[in-house]
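Q: Before the discussion begins, may the sequence and the structure be displayed?

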Amino acid sequence: MTAIMDSPANTPVGMLSSLALEITGQCQNTCKTHCYAQSGPMNSHGTMTRDDWFALLDQAAGLGVTMVQYIGGEPTLHPYLPQLVGRALSLGIRVEVFTNLVHIRPSMWHAFEHDGVTLATSYYSNNAAEHEKITGGRGSYARTKANIIEAIRRGIPLRAGIIHVLDEQNVHGALAELRQLGVTGHIGIDRVRAIGNGNTTGVNIHNPAELCGRCGTDRAAISPDGIVTPCVMSRWMTAGDIQRQSLAEILTGSAWADQMATIPRGTGACVPDSCTPREDSCQPSPGQTGCAPDDSACQPGQPACLPKFP
């Protein structure tokens, strides 16, 4: 199938519907084999202040953005996350928080229970040792599992992503367990992308072919230091600094157009679960044999439900 190249001129402000806001590089876990952001306990919240994020949200609302995703690192470690959630909602912008669900403070649960807020999380295995081998976080399996149960008890919409990291990893068991726990939202399965910690070559190679092919078409990403890129996984494709320029200026600038032109365009759904949350029915993605209309009806092991890993 021939790749479809979107015209950069058709991408910027008019089609922008969502933003991925990487509000921190800090995380309790140390996912050394696949974390695209190379986040960890010693990383920081960056140079963006609360007021900087507020100003960005105001700009986003003015540009017609209807959804923001707070991601990291681990966004629940950011001291102003509840305020950032509230600010977005007050502007009529829906919110998704992509969290590892390792530790959720009471104030966070209160913020997550507001209408217009959804959660996303990563899950790796139904075996604690295997899960924690991937996350590097002692006790992370039990804590994440307990908070998935709590989110469901509170009626908070939740989706999940499973990354196939280890050869022996029980991906099927993770999928089955999530459904048994009551997760009714989309559960995506993806391979490790050779980005960040996933690049094990020892060489700093930035390969646009590792991206899903939809980066920047309807969203943009902003780093903890205010750097704007087509998505959180294309972090080397810098297009501007939100602390120096407006979002509209960046999205209509030559740097953005240049970066968009380097991304191989494909068809199908956005594969990495850090991408835009899906509200439509399942669609085949590159590398899949097909996809059932509703993955909640899928049974572990069915070819139509699971991607082929290279």
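A: Ser44 is found in the loop between strand 1 and helix 1 (50–62); helices (H or I, at least four residues) and strands (E, at least two) are DSSP runs, numbered from the N terminus. The model is predicted, so that local features need pLDDT of at least 70 and side-chain atom pairs count only at pLDDT 80 or more, while totals for chains, interfaces and linings use all residues. Residues are numbered from 1 along each chain as its sequence is written, and side-chain values use heavy atoms, with hydrogens and water left out.

Q: Is Ser44 buried, exposed or partly exposed?

A: Buried means under 20% relative accessible area, exposed over 50%, and partly exposed in between (1.4 Å probe, protein chains only). Ser44 counts as partly exposed because its relative accessibility is 46%.

Q: Which residues is Ser44 in contact with, leaving aside its neighbours within four places in sequence?

A: Contact means heavy atoms within 4.5 Å. On that basis Ser44 is in contact with Thr24, Gly25 and Gln26, its neighbours within four places in sequence being left aside. The C-alpha atoms of Ser44 and Ile23 are 9.5 Å apart, and the two residues are 21 apart in sequence.

Q: Where does Leu19 lie, and is Leu19 buried or exposed?

A: Leu19 belongs to strand 1 (residues 18–22). With a relative accessible area of 0%, Leu19 is buried. Not counting residues up to four places away in sequence, Leu19 touches residues including Ala60, Met67, Arg219 and Leu247. From Leu19 to Thr66, 47 residues along the chain, the C-alpha separation is 8.8 Å.

Q: In which sense do strand 5 and strand 6 pair?

A: Two strands pair if DSSP finds at least two bridges between them. Strand 5 (residues 158–164) pairs with strand 6 in the parallel sense, over 5 bridges. Within this pairing, Ile162 stands opposite Ile189 in strand 6. Strand 6 (residues 187–191) is largely enclosed by the rest of the structure, because 4 of its 5 residues are buried.

Q: How do the axes of helix 4 and helix 5 cross?

A: Axes are lines fitted to C-alpha atoms, for helices over the stretch in contact, and angles run from 0 to 180 degrees between N-to-C directions. The axes of helix 4 (residues 128–135) and helix 5 (residues 140–153) come within 8 Å and cross at roughly 100°. Helix 4 is therefore roughly perpendicular to helix 5; angles under 35 degrees count as roughly parallel, over 145 as roughly antiparallel, 65 to 115 as roughly perpendicular and the rest as oblique.
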